Each structure stands twice: as C-alpha cells, then as structure tokens.
Amino acid sequence: MKRISLTLLLVLGVLLSGCGNPAPKQMGERFQSVPQSKAKIVQKGEHKDSCAICGMHLATFYKTNHAATLRDSTKRQYCSLHCVVHDNEINKTDLINLKVVDAKTLKFIPALSAYYVVGSSKPATMSRVSKYAFAKKKDAEAFAKAYGGKVMKFYDAYEVATKDFTRRR
Ligand SMILES: [Zn+2]
C-alpha cells in the first residue's frame, strides 16, 4: 500500500511540476491562499504577483499579505510580515502607509490599527510563528479562541517577527 501511494505521489508531483512552468492556479490549497481573482495586487510590473522580497506567489499566501508605499510613491506587496521586517530592517527601506490583509474580510486595512493573532495553530508564512491580522478585535479574539495564539497590536507582532532574524544557526 505504502509503495503504491508513494508512486502515485511521485507521478502527481511530476504532473504538477509540469516542465518547470509554475502554475499558480494549482497552488491555492494552503490556509493562506485565495484564488488569484480574489487577490488584490497593489504593486506594478512584471513580477507584481510575487512578494517584493522573497518572490513567493502573493495569492498563495494572501491571508498574510502586507503592502506599503515607498518614498518615491511606488508600491510594494509582501507575502508576510516577515518580508516587511526584512525590507525595513535589513534593506533599510522607508515604508509608508503599511497595510495588511484582514484574514476575515480579505481587504487591506491599516496595519497600525490591526489586531494580530500571533502563534496560532494555522500555518506561518516565512516564519515559525504564524501571524494573522484582523480589523476587528472580536474577529481576532474569535480566531485566537478557535486556533490559539495571542491577540496583539502591530508593534508587538512586528517585534515577534524581528526574532526570525536574530535566531542563530
Ligand atoms: Zn515574502
């Protein structure tokens, strides 16, 4: 039995990997994912569907997406708070008007007024500690009640995300 299912997985893997041509439509199976048609992409250019920092597909990780405006008013979109921290702390990019996707309504909301649920059992994006944001405190509390984690405001969630970068080895 085991051998059969392994073979099946291999065959499926080969089929899905389709000659090096990534097929975003088949990547919509994660908790973070939304169909491409439901993902609001605010940045422009050839690679607009990918995280500005790590290149991951934005719709696939949409429920943890963030977006920001740079000083020259170009927009950037990120898969996660982790990549926002990377841009801000490592690349020293000035980010204005930071927004985050409300994991409930899937709309971009101001990150500074969002309620983050940090450390729930739902998968993390680019981090070991998951972070999902909500516009309404009661939505964040309901999420934390269902899946665990702590409700906190942006700067505390940001602080937790910076720990991804200070971890040794
Ligand atoms: Zn990223």
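Donors are N, O and S atoms within 2.8 Å of the metal. In this predicted model, a zinc ion is coordinated by the SG atoms of Cys51, Cys54, Cys79 and Cys83.

**The zinc site**

- Along the chain, the donors of the zinc ion are spaced in the pattern C-x2-C-x24-C-x3-C.
- The site of the zinc ion is tetrahedral, with angles of 106 to 118° among its four donor atoms.
- Cysteine 79 and cysteine 83 are both buried.

**Histidine 57**

- The loop between helix H1 (2-17) and strand E1 (66-69) contains histidine 57.
- Histidine 57 counts as buried because its relative accessibility is 13%, and buried means under 20%.
- The side chain of histidine 57 forms a polar contact with the side chain of threonine 60, at 2.7 Å.
- Histidine 57 and tyrosine 78 are 21 residues apart along the chain, and their C-alpha atoms are separated by 9.4 Å.

**Serine 127**

- Serine 127 is located in the loop that lies between strand E5 (115-118) and strand E6 (131-134).
- Because its relative accessibility is 17%, serine 127 counts as buried.
- A polar contact of 3.2 Å joins the side chain of serine 127 to the side chain of lysine 131.

Note on methods. Residues are numbered from 1 along each chain as its sequence is written. This is a predicted model: local features need pLDDT of at least 70, side-chain atom pairs count only at pLDDT 80 or more; totals for chains, interfaces and linings use all residues. Side-chain values use heavy atoms; hydrogens and water are left out. Helices (H or I, at least four residues) and strands (E, at least two) are DSSP runs, numbered from the N terminus. Buried means under 20% relative accessible area, exposed over 50%, partly exposed in between (1.4 Å probe, protein chains only). A polar contact is a pair of N or O atoms within 3.5 Å; within protein, one must be able to donate a hydrogen and the other to accept it, and residues adjacent in sequence count only if both atoms are side-chain atoms. Donors are N, O and S atoms within 2.8 Å of the metal (3.2 Å for Na, K and Ca); water is not among the atoms, so sites may look incomplete. Four donors count as tetrahedral if all angles lie between 85 and 135 degrees; four count as square planar and six as octahedral if opposite donors are over 155 degrees apart and all others between 65 and 115; anything else is irregular.
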